[in-house]
Amino acid sequence: RKFLGILILSGYHILPQQRMYWSLDSDKGLDIVRNCMPRNKFEAIKRNIHLSDNSNLDKNDKFTKLRPIFDLMNERFLQFGIFSYN
């Protein structure tokens, strides 16, 4: 959950390099990210996470490797209702 939270936050608060989120400089780093998870642990999870079976890939879907997590997240988000279509 922490890993996904950092990914979602990094899509909102964009920095030039991923490692900058853990920077101690006041204009770069984010305390919430630093306090949530060490940088090395985040990078290890990112390096080793695998969401789909490579033997069953759909060649026509550009997001085929991410589709399982997209479907799961969309299912969970629907619990809170649809507030806007745009």
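**View 1. Arg 19 is partly exposed, with a relative accessible area of 45%.** Partly exposed means between the limits for buried (under 20% relative accessible area) and exposed (over 50%), using a 1.4 Å probe and protein chains only. Arg 19 forms a salt bridge with Glu 43, and their closest N and O atoms are 3.1 Å apart. This pair joins distant parts of the chain, 24 residues apart: Arg 19 in the loop between helix H1 (2–12) and helix H2 (31–36), Glu 43 in helix H3. Glu 43 counts as buried, because its relative accessibility is 16%. A salt bridge here is a side-chain nitrogen of Lys or Arg within 4 Å of a carboxyl oxygen of Asp or Glu. Helices (H or I, at least four residues) are DSSP runs, numbered from the N terminus.

The model is predicted: local features need pLDDT of at least 70, side-chain atom pairs count only at pLDDT 80 or more, and totals for chains, interfaces and linings use all residues. Residues are numbered from 1 along each chain as its sequence is written, and side-chain values use heavy atoms, without hydrogens and water.

**View 2. Asp 31 and Arg 34 meet in a salt bridge (2.1 Å, N to O).** Both lie in helix H2, three residues apart, about one turn of the helix. Asp 31 is partly exposed at 49% relative accessibility. Arg 34 is partly exposed too, at 24%.

**View 3. Asp 61 forms a salt bridge with Arg 67.** The closest N and O atoms are 2.9 Å apart. Arg 67 is partly exposed, with a relative accessible area of 30%. The whole structure holds four salt bridges.

Notes:
Helix = DSSP H or I, 4+ residues; strand = E, 2+ residues; numbered from the N terminus.
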